[in-house]
Amino acid sequence: MSNTENFSNRWGIILASLGMAIGAGNLWRFPRLAGQYGGAFIILWIVFLFIWSIPLLLAEFSMGKNFRKGVIGSFAHLAGKRYTWMGFFITLCTLGIAFYYSVVTAWSLRYLTFSVDQLFRDTSLLGQLAVQPNYMQDYWAEVSHGSIVTLVLYIGCVMAGVWVLSKGVQKGLERTNKVLIPSLFVLLLVIVFVSLSMDGGVRGLEYMFAIDINHFSNGKVWIEALSQSAWSTGAGWGLMITISSYSRQKEDVALNTFIGALGNNTASLVAGMAILPAVFALASSEADAITYLQQGNQALTFTVIPELFAHVPGGGILSVLFFAALSMAAFSSLLPMLELMGRNLQDLGLQRKQVMLWVAGVFIFFGFPSAYSLDFFNNQDWVWGLGLILSGMFILFGLAVFGLKRFKETYIDEHSDLQVSTRYFQGAVVCNLVLGCVLIYWWMSQGFSSHPWWDDSGQWNMFDTYSNASIITQWGIVILVGVVLNSFLYRKFAIKQ
């Protein structure tokens with residue numbers, strides 16, 4: 001796609017924004033948290049949409065639209081030559097997630113084919129579980145640890161994404177999202193209807209929206225709400241910079257941002273209304289339902305959901321619909337991640353064919369370890385998932401360097417029919433710098449590793465999957481490389497036309 005190609009209309013870029021934001025996390029993480037904490041979590045999650053996510057998305061949309069470059073070049077124009085390395089960190093952080101996220105797409109397809117296969121087997125899934133109680137856990141272990149089929153599917157997902165993007169903005173990304181996003185919503189609504197039709201399904205809906213005021217005094221609920229909003233909307237990823245760099249020059253920044261952000265939250269609510277009623281209807285008790293929800297992201301999606309659906313007539317069809325929706329959501333989010341790298345390479349003056357070859361090769365090479373090893377996958381999720389908060393803080397810092405009022409009046413207000421309060425934007429940016437520090441500190445102080453910094457022998461524990469030492473080491477390497485190459489990055493990505 002050329003540098004002059006734009007989305008054909010407003011809905012093209014809105015659907016691309018929705019495709020970027022609506023991913024696997026909407027279908028697996030949000031229902032779990034909403035099930036654990038109910039309406040209190042949902043209220044806080046909506047509050048943080050307006051405090052953290054929307055201000056960041058407004059800034060990113062404006063940067064891409066006005067600077068017409070990838071993340072590194074756009075950030076350099078925002079914050080100046082001295083801080084170009086921050087744009088490099090944002091890019092590498094999101095690519096670190098993208099490399100393993102392509103594996104999630106492959107997992108989703110594995111379970112979609114698994115669900116379809118179950119429809120035609122003589123022995124039902126319940127029958128298999130009766131003979132082999134750990135059947136689903138064993139299948140998950142096979143899928144996520146060194147599976148050749150998973151590796152082939154993962155490579156296929158990357159190549160399919162590259163093929164779509166090679167068609168251009170309008171014929172590739174825009175046309176694909178016009179199919180994926182409406183189809184995803186239709187599938188979710190079908191699952192909602194089926195789930196609520198089950199005996200006891202309404203209990204899940206009631207539990208989801210019930211407000212326990214005690215949760216408002218639980219700091220963990222606040223942190224979970226903030227992190228879910230940050231990660232689900234894509235705020236701070238740099239993906240919105242990439243997408244909006246292909247927007248029309250007079251595109252309405254504020255209106256498009258609000259539509260995309262609210263659309264993402266709507267998808268999460270619909271996903272919660274689809275999954276929670278099914279979990280509560282199929283669990284033997286409310287306590288068991290809560291236990292299912294607390295088993296974690298991967299466990300809930302890839303082991304619990306198929307087993308739960310197997311308990312009801314027509315559950316096999318429901319399982320197929322769920323994993324079809326999950327596959328669509330994962331693939332629609334993978335596309336802008338691929339394009340983020342492609343857009344930065346375009347800023348170097350490479351032709352589109354060269355760009356796509358580089359994107360395919362780099363993604364396949366660096367995603368391979370996550371496709372082969374679940375431990376490596378979890379480590380990258382741990383390191384770069386938290387790194388997104390630091391990326392968001394870098395963008396906020398860049399805005400402060402540029403001048404908050406100046407940026408808002410020059411770039412956000414231009415061509416925007418929906419005017420956002422300057423005080424709201426300024427206050428949110430300052431508040432978010434504090435929130436970002438709190439969130440990073442909180443996550444790193446939770447003790448997910450028994451040896452967060454040093455191992456028993458006193459060595460720096462950088463190879464532990466969930467250690468803080470692993471986070472600091474990988475962040476430090478990227479920051480160091482960015483600082484060393486800062487002048488080079490500025491010349492190549494910001495100055496070069």
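Leaving aside neighbours within four places in sequence, Phe41 is in contact with Phe30, Leu33, Ala34, Val221, Glu224, Ala225 and Gln228, where contact means heavy atoms within 4.5 Å. The structure is a predicted model, in which local features need pLDDT of at least 70 and side-chain atom pairs count only at pLDDT 80 or more, whereas totals for chains, interfaces and linings use all residues. Residues are numbered from 1 along each chain as its sequence is written, and side-chain values use heavy atoms, with hydrogens and water left out.

Phe41 also belongs to the largest nonpolar core, which has 174 residues; Phe41, Phe363 and Phe407 are those with the most contacts inside this core. Helix α2 gives the most to this core, with 22 residues. A nonpolar core is here a set of buried Ala, Val, Leu, Ile, Met, Phe, Trp, Tyr and Cys residues joined through side-chain atoms within 4.5 Å. Buried denotes under 20% relative accessible area, exposed over 50%, and partly exposed in between (1.4 Å probe, protein chains only).

The chain as a whole has 21 helices and zero strands; helices (H or I, at least four residues) and strands (E, at least two) are DSSP runs, numbered from the N terminus. With 497 residues, a compact globule would have a radius of gyration near 23 Å, and the 22 Å of the chain agrees with this. That radius is taken over C-alpha atoms, and the globule rule is 2.2 Å times the number of residues to the power 0.38. Along the principal axes, the C-alpha atoms fill a box of roughly 65 × 55 × 50 Å. Buried residues make up 60% of the 497 residues. Among contacts in the chain with a separation of 6 or more, 83% come from residues 24 or more positions apart.

Of the 44 residues of α2, 38 are buried.

Phe50 is found in helix α2. Because its relative accessible area is 30%, Phe50 counts as partly exposed. Not counting residues up to four places away in sequence, Phe50 touches Pro55, Phe258, Leu262 and Tyr424.

Arg68 follows α2 and lies in the loop between α2 and α3 (71–79). Although Arg68 is not a glycine, its phi is positive, at about 55 degrees. Arg68 has a relative accessible area of 22% and is therefore partly exposed.

Helix α1 (residues 10–21) has twelve residues that should span 16 Å at 1.5 Å a residue, and its end C-alpha atoms are 17 Å apart, which agrees. Ten of the twelve residues of α1 are buried, including Ile13, Ile14, Leu15 and Leu18. What covers the buried residues of α1 includes α2, α8 (169–197), α10 (219–233), α11 (239–244), α12 (253–282) and α15 (315–346).

Methods: Expected span 1.5 Å × (residues − 1).
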